[in-house]
Amino acid sequence: MMKKKVLLMGKSGSGKTSMRSIIFANYIARDTRRLGATIDVEHSHVRFLGNLVLNLWDCGGQEAFMENYFASQRDNIFRNVEVLIYVFDVESRELEKDMHYYQSCLEAILQNSPEAKIFCLIHKMDLVQEDQRDLIFREREENLQRLSKPLDCTCFRTSIWDETLYKAWSSIVYMLIPNVKELECSLTNFADIIDADEVLLFERATFLVISHTERRPHRDPHRFEKVSNIIKQFKLSCSKLAAQFQSMEVRNSNFAAFIDVFTSNTYVMVVTSDSTIPSAATLMNMKNARKHFEKLEKLSENQPSSMGVR
Amino acid sequence: MIRDVDAILQDSDVASEVTLDSSSDLGRSSPTSKGLLVRDSNAKQRTRRPFHLQNAIAPANRAESPVVIDSVPYDNAQEATYSRYKYYQRLRGPTIGNDQALLIPDHVVPSVFFYPYIPGTVPLTGKQSSLITIFAVWNTMMGTSLLSMPWAIEQAGLVAGLSLILVMAAICFYTAFCILQVYGIYGEKENLADFPDLCMFLLGRVGQWVSVLFSALSLLGASAVYWVLMSNFLYHTVKYVYDLITTTSVTLLSIDDDNTSAFNLFCPDPIDNLTFSSLLNGPIFQNGASTFDKIWNLDLTVPIYMALLLLPLICLKSATFFTKFNALGTVSVFYIMAFVATKASQWGVHVEFSDTSSPFYVPLLRSNFPALSGMLSLALYLHNCVVSIMKNNRRQECNGRDLSIAYILVALTYLGIGATFYLTFPLEKDCIEDNLLNNFSRSDTLTVIARVFLLFQMMTVFPLLAYILRTQILYAFFNSIYPSFSHVFSLNVILLTICVVFAIFLPQVGTITRFSGALCGLVYVFTLPSILYVVSYRKQNNGQAPAWVYILHGLIVLCGILNLIAQFVVTN
């Protein structure tokens with residue numbers, strides 16, 4: 001059974017490699033200012049959401065050569081695609097051409113993987129003036145949704161220098177998880193039972209937040225991204241020693257936080273401010289909850305795919 | 001497991017800070033073509049501070065109250081930006097080189113890190129103009145040797161003295177310049193801080209130990225000199241106040257010679273080295289001495305009182321408080337210059353070149369001239385910090401010129417003060433004391449002011465000297481500048497004991513200065529810079545060096561050795 005793919009496509013220089021490096025915590029590839037297009041498929045050998053593999057493709061660039069190559073490899077590229085993420089550079093001066101390539105990709109998707117989910121990221125929004133951002137984004141969104149018919153595309157505006165990138169990818173992951181609503185209910189129950197301040201569910205490879213329950217309000221809305229960045233840096237350090245990150249416990253007089261493997265696709269983070277609860281108790285509860293959540297995940301895997309065109 | 005985690009997390013934080021160097025910190029907005037060209041020119045011209053948020057001591061419940069750092073509330077968005085910044089720095093990895101990817105652009109850095117642009121001003125570059133550098137060099141070299149310069153010139157004879165000053169200044173300038181040149185080749189590349197590191201790099205462990213040892217010796221010598229002077233000033237000041245309180249008559253306290261009482265000047269008895277027998281016969285145990293004189297005694301008790309007074313000060317963990325008084329040093333130099341000028345104008349010139357029996361006879365050359373050269377090795381000594389000072393020069397290519405101007409100014413100052421005092425001194429020339437204030441009576445107003453002021457100034461410098469000495473020794477032996485209070489305390493007690501012993505048994509500033517100057521000068525002024533230059537020259541030229549390099553520097557080292565040996569030949 002061939003692995004399903006996540007295609008990350010866009011014009012050369014639109015920010016795909018940086019994005020991949022940030023989301024998947026890889027050291028960034030040497031020459032991001034390539035003079036030529038990416039010919040080779042860049043596989044990231046990461047199990048993303050269990051059974052997805054990320055492929056990165058440049059679209060456009062060296063006209064004729066690219067078109068030919070593209071044409072001959074098309075079926076190969078676009079078969080078995082679960083998700084297409086297309087990146088647009090908001091600063092691009094060649095809007096017509098960008099749309100042209102985008103439409104070519106859509107045609108290929110329609111032919112080879114009509115069930116795929118389409119996401120469009122309007123990227124590098126930090127280069128646009130703040131008061132113009134909404135306007136420009138809405139304009140592009142309308143345009144893209146019109147062009148994408150009969151397929152549906154979900155648009156996000158992103159920049160690596162604010163929280164929008166993390167949020168966009170978290171939304172994408174959220175939409176890809178089959179029974180996310182049930183997961184959220186269970187998570188809330190779990191939090192109530194163990195009397196935690198907050199429980200987070202992270203995707204395993206990217207530490208994107210899939211779902212969270214907040215029983216005590218927290219003033220910092222950026223905390224998910226910060227925790228994710230910290231853990232990804234830690235994973236980078238671990239990889240230097242050829243070690244795998246498994247779990248973490250952080251404790252002081254005000255709180256205790258536990259990060260541990262949960263199901264085969266997720267990590268859980270439990271934060272409790274009641275310092276009288278011994279660690280062993282919380283860890284035991286987490287271990288017991290694991291079984292329930294794994295059952296939930298197995299159920300969804302065995303169900304016929306509920307992912308269709310949104 | 002927990003310990004490994006600590007180590008790894010520590011590493012990741014450090015790594016993300018370490019990759020932050022000034023050139024990589026300037027980001028361009030995006031890796032598109034326009035970003036490429038401006039980057040290199042901007043590397044030199046920094047318009048913002050490095051992006052770094054301090055770790056704040058967060059209030060108890062961080063979830064609810066905002067964090068205030070440096071009284072600037074960093075909001076959540078800025079903290080989030082900083083978190084991203086650190087993470088992306090990490091992702092750039094060790095081999096990224098000059099690549100633009102994931103560099104933070106200027107428009108994302110919080111505005112507090114930028115310097116406001118004020119038209120017509122030059123942005124803060126942290127560099128100083130040549131004039132300021134020259135002044136800094138002059139200021140660093142000017143020290144208490146000024147008080148001993150007249151005595152030293154008297155020891156050498158007039159012409160010998162003047163030419164010796166110029167010759168020594170030339171040699172010291174040349175060796176300091178050698179250090180600068182060698183540092184220019186290796187310092188930036190190897191990230192060396194100063195002269196001792198340079199020694200360590202080029203000469204290995206031996207070089208490092210030698211430089212630490214002799215640096216410690218020179219600091220010890222300087223401390224002993226400071227101690228003698230401080231005890232002297234303290235003694236005279238308190239005795240003056242005491243006499244002022246106890247005498248009822250308004251007349252001046254009687255001094256030995258009447259004809260010089262107009263100048264408040266006198267010729268003190270030569271100090272015999274204190275031995276135990278003279279101690280026993282001295283004022284403390286003599287029956288006729290007053291109680292005050294028994295308690296407050298220059299030879300024995302005052303140095304000990306000073307020790308009790310200063311011991312708590314030098315045991316402090318950090319000496320930065322005392323650096324605030326740095327300006328006093330400059331003021332004291334100018335005061336001494338004004339003092340000598342005033343006195344000289346009052347006395348008028350008193351010189352006699354041919355008649356050897358006259359009290360004003362000024363020989364052109366005396367056999368004691370090594371005393372001057374020994375003292376000058378310490379007076380013109382800058383070599384262990386010349387790099388740090390010259391590094392801040394705005395135009396580095398002018399370093400040689402600026403350093404030479406500074407040395408000329410220093411030589412002229414010493415020359416001027418020393419020669420002026422020497423030529424105008426109205427008593428026998430060989431009465432000039434190695435601490436020129438000793439020649440003045442206790443009640444002379446200008447002298448009283450000088451003593452009080454210098455006492456205060458030295459009391460703020462001595463803890464700094466002790467601190468530097470302590471950190472060098474402790475770091476060399478224990479690899480930490482503050483291993484524990486007991487270490488520091490015992491070291492300080494040893495230091496003070498040595499100082500007190502010098503003050504009691506050898507309170508002669510001139511002797512201490514010339515010996516420590518010659519010894520430390522041999523290593524730091526003559527030998528090490530020459531060796532460094534020769535080693536670096538050979539390294540640059542594949543192990544070859546022309547004969548003149550060896551000869552010239554060999555001569556310099558020979559001068560240093562002769563200087564040291566000659567100190568033992570000087571008669572008091």
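## Aromatic contacts, helix packing and backbone features

In this predicted model, the charged end of Lys429(B) is placed over the ring of Tyr422(B), at 5.8 Å from the ring centre.

Over all chains, a search of the whole structure finds 36 aromatic pairs. One of them joins Phe421(B) and Phe440(B): the ring centres are 6.4 Å apart and the planes stand at 65 degrees, which is over the 60 degrees required, so the pair counts as edge-to-face. This pair links distant parts of the chain, since Phe421(B) belongs to helix α16 (residues 399–424) of chain B, while Phe440(B) lies in the loop between α16 and α17 (445–478) of chain B, 19 residues apart. Phe421(B) and Phe440(B) are both buried. Phe421(B) and Phe440(B) also belong to one aromatic cluster, together with Tyr335(B), Phe339(B), Trp347(B), Phe425(B) and Phe453(B).

Helix α17(B) packs with helix α8 (residues 195–246) of chain B, and helix α16(B) packs with helix α7 (residues 158–190) of chain B; the geometry is set out below.

| Helix pair | Angle | Axis separation | Crossing |
|---|---|---|---|
| α8(B) and α17(B) | about 155 degrees | 8 Å | left-handed |
| α7(B) and α16(B) | about 160 degrees | 10 Å | right-handed |

Angles over 145 degrees count as roughly antiparallel. The angle of about 160 degrees therefore makes α7(B) roughly antiparallel to α16(B). For the other pair, the angle of about 155 degrees likewise makes α8(B) and α17(B) roughly antiparallel to each other. The residues in the contact of α8(B) with α17(B) comprise 26 nonpolar, six polar and one charged.

Some residues separated along the sequence approach each other in space. Asn139(B), in helix α5 (residues 130–141) of chain B, is 191 residues away from Thr330(B) in sequence, yet their C-alpha atoms are 6.4 Å apart. Asn139(B) is partly exposed, with a relative accessible area of 25%. In chain A, Phe224(A) lies in helix α7 (residues 223–240). The C-alpha atom of Phe224(A) is 8.1 Å from that of Leu208(A), a residue 16 positions apart from Phe224(A) along the chain. Phe224(A) has a relative accessible area of 14%, which is under the 20% limit, and is therefore buried.

Chain A also has several backbone features to note. Most residues other than glycine have a negative phi, and most peptide bonds are trans. Against that background, the peptide bond from Lys149(A) to Pro150(A) is cis, with omega near 0 degrees. Pro150(A) is located in the loop between α4 (130–148) and β6 (153–157) of chain A.

A positive phi is found at Asn80(A), with a value near 65 degrees. Asn80(A) is situated in the loop between α2 (63–78) and β4 (81–89) of chain A. With a relative accessible area of 21%, Asn80(A) is partly exposed. Ala242(A) also has a positive phi, near 55 degrees. The loop that holds Ala242(A) runs between α7 and β9 (248–251) of chain A. Ala242(A) has a relative accessible area of 71% and is exposed, because that value is over 50%.

Definitions and conventions
Residues numbered from 1 in each chain as written. Chains lettered and ligands numbered in written order. Predicted model: local features only at pLDDT ≥ 70, side-chain atom pairs only at ≥ 80, totals over all residues. Heavy atoms only, no water. Phe/Tyr/Trp six-rings, centres within 6.5 Å; stacked < 30°, edge-to-face > 60°. Helix = DSSP H or I, 4+ residues; strand = E, 2+ residues; numbered from the N terminus. Buried < 20%, exposed > 50% of the residue type's maximum accessible area, 1.4 Å probe, protein only. Lys NZ or Arg CZ within 6 Å of the ring centre and 35° of its normal. Axes fitted to C-alpha atoms, helices over the stretch in contact; angles between N-to-C directions. Parallel < 35°, antiparallel > 145°, perpendicular 65-115°, else oblique. Left-handed = near helix turned anticlockwise from the far one by under 90°. Nonpolar A, V, L, I, M, F, W, Y, C, P; charged D, E, K, R; others polar.
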